[in-house]
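Please look through the sequence and the model shown here. The report that follows goes through confidence, architecture and selected sites in turn.

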Amino acid sequence: MSVLLDILGSVGMWEAVLRIATPLIFGTLGVLLCERVGVLNLGIEGIMTFGAMVGWLTVYSGGDLWLGMLAAALGGAVFGLLHAVLTVVFGLSQHVTGLGITLFASSFSYYVFRLAVPTSSSPPTVEPFRAYPVPGLSEIPVLGPILFTQTAPTYLALALVAVLAYGLYRTPLGLAMRMTGENPHAVDAQGIDPIRLRIGTIMAGSALMGMGGAFLTLAAFNSFFPTMVQGRGWICVALVVFALWRPGRALLGALLFAFFDAFQLRLQTVVDGVPYQLFLMLPYVLSILALIAMARRARVPQALMQPYRRGER
Amino acid sequence: MTRVLELDHITKRFGAVTANEDVSLHLEKGEIVALLGENGAGKTTLMSILFGHYTADEGSVRVKGQALPPGKSRAAIRAGVGMVHQHFALAPNLTVLENVMTGTESLWKLRSDRAAGRAKLMELSQRFGLKVDPEARVADLSVGECQRVEILKALYNDAEVLILDEPTAVLTAQEAESLFATLREMAAKGLSLIFISHKLHEVMSASDRVVVLRRGRVVAERETAETSKEELAELMVGRAVQRPERLPARPGAVLLEAVDVSLGGKGAASLRGVSFRLHAGETLGIIGVSGNGQTTLAGLVSGLYAPDAGALLIKGHAPARYDVPHAIAAGIGRIPEDRNAEGTIGDMSTWENAVLERIWAPEFSSGGMVRRAAARAATEAIIRDYDVRGASVDGRIRLLSGGNMQKLILGRVLTAGPDILIAAQPSRGLDEGAIAGVHERLLEARGRGAGVLLISEDLDEVIGLSDRIRAIVGGRLSPAIPAERADAQLLGLMMAGDWTAAERIEAEGEAK
Ligand SMILES: Nc1ncnc2c1ncn2[C@@H]1O[C@H](COP(=O)(O)OP(=O)(O)OP(=O)(O)O)[C@@H](O)[C@H]1O
Ligand SMILES: [Mg+2]
């Protein structure tokens, strides 16, 4: 019991929560955007991998860290465009296209990585984002180190939650996006082209996914390896359901998952005699339980996964 | 008079189907024009072209003298054209205000001005007497209210020309009446309107001028004052139409019996202690304003729901289980109320839709394999026998006009030869000719000994087809009266929940 309290009482654990949550926040917001306009994007796992690779490669080739983030966002947007053209313009199956993009983007990332770094057994490293203590705020006891001594991309992710929450619910563009996910015919009848809106939104969402991937290589770790996304993309897809398609709840979900993850990592080191795989499972099992609890209240965008063709009834 | 709208020589083809051929139409300021035509005549297509949803193959659209660029709804909206679609274009999970405001502000504005939007909406709602709650979720509204939202949406965009595609198809008689009162008021205030309807009495009472389309062409244009219902019906169909006569019934054994059934509403009104009997060879009409439990009753009989209390006996036995396969196996056929949601699967082909309900029957599958040739032949027969226009065996059913979809469903049900037929609002959205056809088929089914449970809001239909009539009010059934005793006044009383006269008539019948 005291072991648990020790873990829960340590500042390091809570500081890790926000760090682990950051790529999930980016990814979840990305999936959320796509689904809000009615398109499932299972390309996320591959797009995150590609973002991780491109971000890393940009910095490795001498670029600035922020240039790396930007490159990851652009790379994500390009894959988003591919997904959009196939699913929105041609109306192909969103599941199949998304999985295809994940397979393609993952392998392509590894391919490019091998071109750039042909030989070497230990992956080369870059100088990652350093924690940036917010002047003043980081001095606050307990909260300071947990919330205000993070890397810059983490602050960006948190800011994006607010921006998206505001954007979706307070701006005309956000309203049009939500309407597109509910009934693209209605949007069209109001003189907005739902197809262009979908394409643009998917690109933006995929850019966020790319940045989530880049966080892994440029802040959480400092090098790239092909399997590093490790299912985080899939977690994001589930978190969006948990979040009931709302940005604020998406943040909550990401934090919850990250909490379980940070917790099990520390449990592994203090509890003996239990196979560590059981601890690894913990966050996933708890996520599934949380998902079941929430999903019953879910109000799915009504037009999710329904292609829209113009000039048809 | 100023001409606000001109359609010039519009032609539109969908593959082999010519939906509009050389159609010209104009509209003066403050005028109400009714557009009339059979199912599949091309009315919706024409209006969709005008609104920029479809692009015409030939011809042009001019609003106040200015040509509209083809295929751009935005331009049509800017020019002051508003459209109320046949299938509502609303987002159920959003609020009324959100539905109305979408696309009305510049997309790149950093803040949506809801307060101003709400003020404008409330002002319009007041001015035209269209009551709505701006914060209500559209999914919680009745169809009548959705209709109002659709009209407000158009008015909010400062429409001067308003197009309504079958606005009353899903409204109750009272709702329709108040809608037309509103429309006339709008016209008096300078709006110009085109509305589509299959109901001739509406056309006669609400329009200034009537344009009749047949098979994509304008076949006639009349001043409303100088024409009659009969002439319009004939112009529309190309021949005189008459609804069939009902011969006296020869009721047989009890096929279906509900004993004190109660059933909590499944998203619709609930049933509270419903009892009735349906005999072979008779039609039992259930009349009522929608939302009084009809949907639940239809669902109960077709096996969608099991009763919470009481029993439903089919040919004297309670079914082994209350589900759809058992209901179908017991010989129940259904014509569902909402053909898009419950009657068809839009993206599947006509033949799949035609046989899906009975795909396990040996006719259509054996050893787990679908017998396509047989299924397609059966579909072809339905298309031919039931005059389903515009349908091809492999075409997606979504592309059919509403009325033709209904004919296909009717054909599908009747060719299976059900013992018990449940028909919920069977002629909703159908033209005069098609209604006569549907009625004929329903009478035929009864004539060969099926029991028909007819659920309808239409007085004429219920009186014309039923042998006995009950009203449904708040989930309860009134006593049954013979159709001979029914008139609009008595049925009106029954639908309002005043059953004293009906009870007396039922008692008289039993005393005899
Ligand atoms: N997008 C489309 N693709 C193919 N065919 C179409 C399409 N839209 C309409 N049609 C066909 O064009 C014809 C005219 O259809 P339309 O919907 O205009 O009829 P309508 O007069 O509105 O009929 P209803 O009274 O049943 O609503 C029909 O035969 C229909 O099947
Ligand atoms: Mg139509």
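## Confidence of the prediction

In this predicted model, chain A has an average pLDDT of 92, and 99% of its residues score at least 70, where pLDDT is the predictor's confidence in each residue on a scale from 0 to 100. Within chain A, confidence is lowest in helix α1 (residues 2-9), with a mean of 80, and highest in helix α4 (residues 65-89), at 98. Helices here are DSSP runs of H or I with at least four residues, strands are runs of E with at least two, and both are numbered from the N terminus. For chain B the mean pLDDT is 90, and 99% of the residues reach 70 or more. The complex as a whole receives an ipTM of 0.90 and a pTM of 0.85 from the predictor. Where pLDDT is low, the predicted coordinates should not be read in detail.

Residues are numbered from 1 along each chain as its sequence is written, while chains are lettered from A and ligands numbered from 1 in the order in which they are written. Because this is a predicted model, local features need pLDDT of at least 70 and side-chain atom pairs count only at pLDDT 80 or more, whereas totals for chains, interfaces and linings use all residues, and side-chain values use heavy atoms, with hydrogens and water left out.

## Helix α2 of chain A

Helix α2 of chain A covers residues 11-36, and its 26 residues should span 38 Å at 1.5 Å a residue, which agrees with the 36 Å between its end C-alpha atoms; the expected span is 1.5 Å times one less than the number of residues.

Of the 26 residues in α2(A), 21 are buried, and the helix is mostly covered; buried means under 20% relative accessible area, exposed over 50%, and partly exposed in between, with a 1.4 Å probe and protein chains only. Just after α2(A), G38(A) adopts a positive phi of about 95°.

## Overall form of chain B

Chain B contains 18 helices and 22 strands. Its radius of gyration is 24 Å, close to the 24 Å that the globule rule gives for 512 residues, so chain B is as compact as a globular protein of that length; the radius is taken over C-alpha atoms, and the rule is 2.2 Å times the number of residues to the power 0.38.

The C-alpha trace of chain B spans about 70 × 55 × 50 Å along its principal axes, and buried residues make up 53% of the 512 residues.

## The magnesium ion

The magnesium ion (ligand 2) is coordinated at 1.9 to 2.3 Å by OG1 of T44(B) and OE1 of Q86(B). Donors are N, O and S atoms within 2.8 Å of the metal (3.2 Å for Na, K and Ca), and water is not among the atoms, so sites may look incomplete.

T44(B) lies in helix α1 (residues 43-50) of chain B and Q86(B) in the loop between β6 (81-84) and α3 (96-101), so that the pair, 42 residues apart, links distant parts of the chain. T44(B) is partly exposed at 23% relative accessibility, and Q86(B) is partly exposed at 25%.
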